[in-house]
Every structure is written in structure tokens, then in C-alpha cells.
Amino acid sequence: MTELSVSILSADLADLGAECRRAMACGANMVHYDVMDGHFVPNITYGAPVLKCLNKAVPEMVYDVHLMISEPARYAPDFAAAGADLITFHYEAVPGAVEQTIASIRETGCRVGMSINPDTSPQAVFPYLDKLDLVLVMGVNPGFGGQKFIPATVHRVAEVKAECDRRGLSPYIQVDGGVNAVTGPQCAAAGANLLVMGSAFFGAQDPAALAKTIREL
Ligand code: DX5
Ligand code: ZN
């Protein structure tokens, strides 16, 4: 069983509530909410006020917040108050402050995820594995939806999965970026159990069938 988190970055942003309900009706387990600050990544998206409205409109959804921002600990409480269930920060954004960042997010009451970029060794997450609810292995360099999946991601997922198994840990292993009907099964076979889909989901002729395929992996 693989869970699906639908990235609304590729949705009709003028109609977010309806797009979230549509994702939910198609079988999405979570909505993936990409926060970009124009500093950690070269793009800007949306912040906590939009999440607050969305959560008010669709309170039954699980909100998987992906912070691609500098100073994630500073802003995590705002996202928690706005309705985040899971908050993922980037390892690369907090040099020397990983433990503190995990603790700060934990304090908000949300589940905690840590993400690594394609150029970061999977071993970077190993010292923190027992403190994380989720490890996000990026399938692309963060910043934009609709990019091509980097094939080496599959081996990186397998490395994280092997270490989790060795230590008897079972966090979510999430893949985000370039996931589609072809790359999704590869990631799941390597051990990913939570897949993010943006452009593939919103561009699909039959998104419900695609969601079903992913959840049955
Ligand atoms: C990339 C974002 C992703 C993105 C995924 O920086 O973190 O969540 O929306 O979009 P697709 O599935 O189109 O690669
Ligand atoms: Zn994301």
C-alpha cells in the first residue's frame, strides 16, 4: 500500500478548495502544500494565510506541508496554526541546526519530515532517522513543478529504506518531483510508501484511475 499526496502546485490556484476536494474524491490521502520563499529556492508560492483558508474550506483533508524555505523553524508555528498536519523542512536549509529544527517543529504538534535534495547524500538523514516521521527524497531539484524525474532517486530511496529496516524504523519514505505512472512504481519498489504527484495528477485524463494505481503499489 502506497499513499498519495497530491501537490496543488499544478492545480487551478484560483479554485483551490474545489481542487482539493477533487483530489480527495479521486482518492488522494493528503494534499501536498509546497511553500517556496524565493530564497532557499528560486520561486515563490503561497504561505500560511492561504493554508488557513484552504483548511477552513476543506477541514477533513490531511495537509502535508513542504517548506522549501530558509528558517523553517521560524515559520513552522504559523503553518501548524493554519492547519498543517505534517511539516517537512530541508536538511540543506538548516546547516548545524537539524536537531533544533526537528524539536521546534515537533513542539508545534505536527508530525515532522526532513527532505534531502538530489545532491545530498542519503546518509545525511541517518543520524536523525529515529526522530523523524517522514523522510523526503527529492526526485528533482526543488523549485518548480513539472520537472523530469532524476533516475538516481530510486537508489537513494533504497538506501534510506535499507537503513530504516536495519534499525527497525518505519517513517514515511516520500518521493516528490517527477513522480508519474512510470516513476511512481519504481520508487515504491525501492521502498517509498508516500508519493507526491503534481503535474501528472492534474494533467491526467483519469486522475482517479492514476490515484488508484499508485495506492495499489
Ligand atoms: C518541487 C515541488 C513538488 C512539485 C511536484 O519543487 O516540491 O512538490 O510540486 O510537482 P511534479 O509532480 O509536477 O513534479
Ligand atoms: Zn513538494
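Guide: Start at the zinc ion (ligand 2). Its protein donors are His32 (NE2), Asp34 (OD), His66 (ND1) and Asp176 (OD), which lie 2.0 to 2.2 Å from it. Donors here are N, O and S atoms within 2.8 Å of the metal (3.2 Å for Na, K and Ca); water is not among the atoms, so sites may look incomplete. Six donor atoms surround the zinc ion (ligand 2), and their angles of 71 to 172° make the arrangement octahedral. Six donors count as octahedral if opposite donors are over 155 degrees apart and all others between 65 and 115.

Now read the donor residues along the chain. Their spacing is H-x1-D-x31-H-x109-D. Asp34 belongs to strand E2 (residues 30–36) and Asp176 to strand E7 (residues 172–176); the pair links distant parts of the chain, 142 residues apart. Both Asp34 and Asp176 are buried. Buried means under 20% relative accessible area, exposed over 50%, and partly exposed in between (1.4 Å probe, protein chains only).

A word on the model itself. It is predicted: local features need pLDDT of at least 70, side-chain atom pairs count only at pLDDT 80 or more, and totals for chains, interfaces and linings use all residues. Residues are numbered from 1 along each chain as its sequence is written, chains are lettered from A and ligands numbered from 1 in the order in which they are written, and side-chain values use heavy atoms, with hydrogens and water left out.

Step back to the strands. Eight of them close into a barrel, in the order E1-E2-E3-E4-E5-E6-E7-E8, with parallel pairing. Neighbouring strands of this sheet are turned by 25° against each other on average, direction ignored. That angle is taken between axes, which are lines fitted to C-alpha atoms. Strands pair if DSSP finds at least two bridges between them. E1 (residues 3–7) and E8 (residues 194–197) have four bridges, in the parallel sense. In one of them, Leu4 is partnered by Leu195 of E8.

Last, the whole chain. Its secondary structure comes to eight helices and eight strands. These are DSSP runs, of at least four residues for helices (H or I) and at least two for strands (E). Along its principal axes, the C-alpha trace spans about 40 × 35 × 30 Å. Of the 217 residues, 54% are buried.

Conventions. Axes fitted to C-alpha atoms, helices over the stretch in contact; angles between N-to-C directions. Tetrahedral: all angles 85-135°; square planar, octahedral: opposite > 155°, others 65-115°.
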